[in-house]
Amino acid sequence: MSQGLWDQAAEEFDDAPDHGLTDPSVRAAWRELLLEVLPAGPARVADLGCGTGTLARLLTDAGYRVDGLDFSPEMIRRAREKVPEAEFWIGDASTPPLEPGTYDVVLSRHVLWAMPDPTSAFHKWVELLKPRGVVVLIEGRWGSAGLTSAAARRIVLTSRAEATVRPMTEAIFWGKDIDDERYMITSLR
C-alpha cells in the first residue's frame with residue numbers, strides 16, 4: 001500500500017479493535033501479552049511501523065521509552081498527538097533511520113510481511129539492538145497477504161539464534177473471532 005493510501009487510512013485506523021485498543025479488555029490483553037516478553041521498563045523500544053502510536057501509548061504508560069517510525073506522515077502526526085512524550089520519525093521501516101545499537105527492544109506489528117525484502121529489513125532491525133536486545137514481531141497470514149509463522153521464523157533465524165512462535169488466535173486480541181494465522185515471534189538472542 002502506498003504512503004498516500006496509508007495517510008488516508010489513518011483517519012479510521014484506530015476504529016479496528018486491535019489498532020486503537022479502545023476496548024479495555026482488548027487493551028489489557030495486549031498489555032499483558034507484551035509485558036510478559038519485554039524487559040522491564042524503562043527499556044528503550046523501537047516501534048517500527050508504529051501507525052497511530054497505539055502500542056507506543058500502551059508501552060509508554062507501562063514505563064517504557066518508545067521511539068516510533070512510520071512512513072505515513074499522517075500516521076506519525078496522529079501518533080505524536082496520542083503519545084507526545086515519545087519520539088516519532090517519518091521513515092521507511094526497511095531501512096530505519098534510527099541509531100544502531102541503542103534499543104533494548106525492536107517491536108513490529110504487521111509490518112515485516114509488507115517489506116520488499118523482509119530478510120534484509122529484519123537484518124537492519126537487529127542492528128538497532130543492544131547486545132542482549134529482544135525482538136518482538138506480531139505477524140500473520142490473511143488470505144494471500146502476510147507471512148506464515150514458519151516463513152517469519154525462518155527470516156528471524158537468519159540473524160538470531162532462536163525464535164519462539166506464540167499463536168495469537170484468541171478473539172480478545174482482535175476484538176472478534178478470526179480464522180487466519182496470527183502469531184507473535186520473540187527472539188531473545
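**Exercise 1.** Describe the contact between the side chains of E85 and R57 and state which parts of the chain the pair ties together.

*Solution.* Step 1: the side chains of E85 and R57 form a salt bridge, with an N to O distance of 2.5 Å. The term denotes a side-chain nitrogen of Lys or Arg within 4 Å of a carboxyl oxygen of Asp or Glu.

Step 1: E85 is in the loop between α5 (73-82) and β3 (87-90), while R57 is in helix α4 (residues 54-61), so the pair links parts 28 residues apart in sequence. Helices (H or I, at least four residues) and strands (E, at least two) are DSSP runs, numbered from the N terminus.

The model is predicted: local features need pLDDT of at least 70, side-chain atom pairs count only at pLDDT 80 or more, and totals for chains, interfaces and linings use all residues. Residues are numbered from 1 along each chain as its sequence is written, and side-chain values use heavy atoms, with hydrogens and water left out.

**Exercise 2.** Which salt bridges does E74 form with R77 and R78?

*Solution.* Step 1: R77 and E74 meet at 2.6 Å, N to O; they are three residues apart in helix α5, about one helical turn.

Step 1: the closest N and O atoms of R78 and E74 are 2.9 Å apart, and these residues are four apart in helix α5, again about one helical turn.
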